[in-house]
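Good morning, everyone, and thank you for making time for this. Please have a look at the chain on the screen while I talk you through a few of its features.

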Amino acid sequence: MKLKTQLKTINDKNEIIEFLAKYSIYADSWQSEKVHSNLTDPLLVYKKQIEKLKTRFNYASADVCAMTKDTFNLDTMLSAFIKEHHHTDDEVRFVVSGEGIFGINPLTELSFEIYVEAGDLLLVPAYTQHWFNLTDKKNICCIRVFKENPKWEAIYELPKRNIEVH
Ligand SMILES: [Fe+2]
């Protein structure tokens with residue numbers, strides 16, 4: 001994980017965690033379970049970590065979402081993510097493989113970018129203005145975690161209210 005503000009780049013994990021905490025964004029890194037190395041389904045490989053996260057933040061479900069340069073309608077799909085938006089649910093992403101960029105607009109301060117790669121977990125709270133893009137590699141596989149059933153519904157207007165979710 002790497003964080004880029006308009007002024008500096010932060011590579012140190014603890015420094016990134018501390019920076020993000022100011023915006024109620026939670027970041028962590030997960031190791032895969034070596035004992036289950038024959039497992040290929042990310043939801044099984046990271047079962048323990050997912051269950052822990054669900055309990056800690058009161059989440060209900062998880063699924064897997066993957067995009068590559070060969071994904072049908074990738075550009076259309078990305079255009080929905082690239083445009084600044086927010087959700088009424090937290091955006092929780094664990095990167096299984098590949099990489100991506102989350103942009104955060106705190107509204108009262110300058111925007112910054114979080115570069116995520118395999119092993120990175122990011123929890124962007126509901127009502128936080130953000131965007132997402134793939135890197136030039138155009139490849140990511142993520143576990144998504146939700147408060148209710150899996151869904152992706154973006155609101156492109158600025159948030160009218162900030163709800164404390166944790
Ligand atoms: Fe989003």
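This is a predicted model: local features need pLDDT of at least 70, side-chain atom pairs count only at pLDDT 80 or more; totals for chains, interfaces and linings use all residues.

**Around isoleucine 25**

If we leave aside its neighbours within four places in sequence, isoleucine 25 is in contact with Leu20, Ile104, Leu122, Leu123, Val124 and Pro125, where contact means that the C-beta atoms of two residues, placed from the backbone, lie within 7 Å. Residues are numbered from 1 along each chain as its sequence is written.

Isoleucine 25 also belongs to the largest nonpolar core, which has 29 residues, and Ile25, Phe94, Phe102, Ile114, Leu122 and Ile143 are the ones that touch the most other members. Such a core is a set of buried Ala, Val, Leu, Ile, Met, Phe, Trp, Tyr and Cys residues joined through C-beta atoms within 7 Å, and a residue is buried if 20 or more other C-beta atoms lie within 10 Å of its own, exposed if 12 or fewer, and partly exposed in between. Among the elements that give two or more residues to this core are helix H3 (47–57), strand S5 (91–105) and strand S6 (112–117), and S5 gives the most, with 6 residues. Helices (H or I, at least four residues) and strands (E, at least two) are DSSP runs, numbered from the N terminus.

Let us now follow S5 to its partner. S5 and S6 pair in the antiparallel sense over 6 bridges, pairing being counted if DSSP finds at least two bridges between two strands. Within this pair, phenylalanine 102 stands opposite isoleucine 114 in S6. The two strands form a hairpin with 6 residues between them, and leucine 107 in the turn has a positive phi of about 75 degrees.

Which residues of S6 lie on its covered face, and which on its uncovered one? Phe112, Ile114 and Val116 make up the covered face, whereas Glu113, Tyr115 and Glu117 make up the uncovered one. In a regular strand the side chains alternate between the two faces of the sheet. S6 is also joined by 3 bridges to strand S1 (residues 2–4), and these two strands run antiparallel, with glutamate 113 in S6 as the bridge partner of lysine 4.

Finally, serine 32 is found in the loop between strand S3 (26–29) and helix H2 (42–45), and serine 32 is partly exposed, because 15 other C-beta atoms lie within 10 Å.
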